[in-house]
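A short report follows the structure.

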Amino acid sequence: MSSVTLKNLSKSFGTVKVLHDLNLDIEEGEFVALVGPSGCGKSTLLRIIAGLDNATSGDIWMNDKWVNDFSPRERNIAMVFQSYALYPHMTVEENIGFNLRISGLSKADIKSRVSEATDILDLGQLLDRKPSQLSGGQRQRVAMGRALVRNPDAFLFDEPLSNLDAKLRVQMREEIKRLHQKVRTTSIYVTHDQIEAMTLADRIIIMHAGRIQQMGTPTELYKNPANVFVAGFIGSPSMNFLHGQIQTNQGKAQVLLPSGATIDFIDRGNLPADGRVVVGIRPEHLEFATAENRDNVFEGKVDLIEPTGAQNHLKISVNDQTLTLVDTSLRELNIDDTIRIHIPVEKVHVFPHSE
Amino acid sequence: MRHLSKIGLHAVMLIGVLITIFPFVWVALMGTHTRGDIYSSPPPFYVGNNLLQNYAELLDIMPFWTVLFNSLYISVMGTIAAVLFCSMCAFGFYAYNFKGKNLIFGIMIASMMVPPVLMLIPSFLTLKYLGILDTHFALWFPGAASAFGIFLIRQYMGNSITRDLLDAAKVDGASDFRIYWSIVLPLIKPALATLAIVIFIGLWNNFLAPLIILSSPDKFVLTLALRSVQSIANSPWGAIMLGTFLSMVPLLLAFMFFSRQMMDGLTAGAVKG
Ligand SMILES: Nc1ncnc2c1ncn2[C@@H]1O[C@H](COP(=O)(O)OP(=O)(O)OP(=O)(O)O)[C@@H](O)[C@H]1O
Ligand SMILES: [Mg+2]
């Protein structure tokens, strides 16, 4: 097992810079998820860590060894690809044992290690099948087995579950989590599914346009997003954003919206000098106003109701803005009903306007 | 009704087969007759009784088995070399990025547009300069790097081998040669078989190149030897037909072998993993 450290890592393809000065510390045994929208450079970063691509500048350290010039083999990493990339002409057993065979292990050793891995992954029945005779989930497990069998220092996953259907994805997610709890190998897991990232990872790294936006535990990212991008990326349905201007009214920090309405918030510092801000409110923090609520109460009209079972997602138009509200009380409402909603002051996020 | 159309289809196919196979049968039958019988009218479309004499005459007018072996040697060596070199070269073009790759590939493709006949004299002069005229090496080796072969295999790789697969092998710790040998080669078998059969037939049937390159009769190949005895005023047609028929047999065997490989490969690739 090993730690992974990146220092000022940059990557350009020709004149296009896709990774900008990344700095990153991944501890031994940690499970880190790398999330971000399509094209933000996740795969590129993973391939550089794997040693399949070279960084344009910057350093990669694994276990305090400078590995920039190391091949994937020398780094002793294993990688699971989105396409699984199983060798079509080899059986499951040969696929999993291929890297052991390259290492020159004896036939008996290979056999015992392969069967160890296939036992963990429940592939024992399928050893003689070719990849074309397997289902998607089974192929995925073979790909995992191929990575697992060599006891690598680090696992790299590039969207390993994105080709599976929703149900299987949840099941495999659990298996990966269980596997990691068992073997405790440092893992870097690329996904653009935030639920996958949140459920699996000890720490999440959010990337956008080749830059790391924020790193932290799932709860940290949810509670204290560093900027509008992270705030909008984490959480589902995603956060409501309103543009406005800060002002102080009788000692209370407020945001003045273009409509003239104001939202109180708690000043935690880090406010821009020009006062232009974006207010963020999570849909699940919006609530129906009660008689006691005095501040941060708004009147709105129900635009749309999306039932999802345990909760309803309501689109409410307030002063020409549409806010999403998650209603867990499943209140009976009709389109165009007028309702009063309340924003708890401690749940209001305020970000500088810059982006 | 469906039954009837099936019978019709089979009849058409049968006629096709008969037309295709007729010349072969004809040649085989002529190999058993004397020259006189062959020229009789109507031609004798049955098995004659002159086979052994024809065989003796064949051995008399040319060192038949030596010549057959020469042909076989050149075709087999050329085929192995071409399959090996073309697949390696195609792998290079497919799996690696280097400066000028597209330019080199383009030039190579362009070279396919030059008619082979135009290259006859330059290649003769080159071989002469190298001092390898009148050798078998000069016949099979230069064709080993075939632009057509490289192109064919390169294109096939594009469809059958994903970059992830090469990356996966790299992560598994395979060396470049190991990737080529253990991953790439097994997956491009159908293309290899196709190329092998094209090259084999080309070398086996080649007449022009042996004609200008070879001069010693004991180095002759079949095409050349069978042609050279026809200039004799009284061409011994029975013997020549027998020789011609015998010369077709290895080709037939080669085809059966490679087409089997082609089929195996094709069905294996059909349901990709
Ligand atoms: N070989 C390449 N040559 C040029 N540009 C590339 C190359 N590979 C990737 N890019 C560019 O780098 C950027 C990052 O690509 P990357 O594949 O890392 O994105 P990603 O975050 O993995 O996206 P996705 O979620 O869609 O897989 C993209 O804009 C892409 O177009
Ligand atoms: Mg990607």
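## The interface of chain A and chain B

The model is a predicted one, and the values given here were computed from it. In this model, 24 residues of chain A are in contact with 18 residues of chain B, and the two chains bury about 1,800 Å² between them, with 64% of that area on carbon and sulfur atoms.

Across this interface the rule finds 2 salt bridges, and one of them joins the side chains of R47(A) and D167(B), at 2.5 Å from N to O. Residue pairs in polar contact across the interface, with both residues at pLDDT 80 or more, number 9.

## The side of chain A that touches chain B

On chain A, the elements that give two or more residues to the side touching chain B are helix 2 (72–75), strand 6 (77–80), helix 3 (92–102) and helix 5 (136–148). Helix 3 of chain A provides the largest share of this side, with 4 residues. Sorted by class, the side of chain A that touches chain B comprises 14 nonpolar, 4 polar and 6 charged residues.

## The largest pocket

The largest pocket holds about 1,200 Å³ of space and has a lining of 30 residues, among which P116(B), M119(B), P142(B), G143(B) and N206(B) lie nearest its centre. Two or more residues of this lining come from each of the following elements of chain B: helix 4 (64–95), helix 6 (120–130), helix 7 (137–140), helix 8 (147–160), helix 11 (189–205) and helix 12 (208–213). By class, the lining of the largest pocket divides into 23 nonpolar and 7 polar residues, with no charged residue.

## The second largest pocket

For the second largest pocket the volume is about 740 Å³, and its lining consists of 30 residues, of which R47(A), L52(A), D53(A), D167(B) and K170(B) lie nearest the centre. R47(A) and D167(B), both named in that group, are also the two residues whose side chains meet in the salt bridge described above.

Elements of both chains contribute to this lining, for strand 1 (4–13) and helix 2 of chain A, together with helix 4, helix 9 (163–171) and helix 10 (176–187) of chain B, each supply at least two residues. The largest share, 5 residues, comes from helix 9 of chain B. In class, the residues lining the second largest pocket divide into 11 nonpolar, 7 polar and 12 charged, whereas the lining of the largest pocket has no charged residues.

Key
Residues numbered from 1 in each chain as written. Chains lettered and ligands numbered in written order. Predicted model: local features only at pLDDT ≥ 70, side-chain atom pairs only at ≥ 80, totals over all residues. Heavy atoms only, no water. Contact = heavy atoms within 4.5 Å. Buried area = accessible area lost by both parts, 1.4 Å probe. Salt bridge = Lys/Arg side-chain N within 4 Å of Asp/Glu carboxyl O. Polar contact = N/O pair within 3.5 Å; in protein donor to acceptor, adjacent residues only side chain to side chain. Nonpolar A, V, L, I, M, F, W, Y, C, P; charged D, E, K, R; others polar. 1 Å grid on protein atoms, 1.4 Å probe; cavity = no way out; pocket = protein on both sides within 12 Å on 5 of 7 lines; lining within 4 Å. Points joined across faces, edges and corners; volume = space filled by probe spheres on them.
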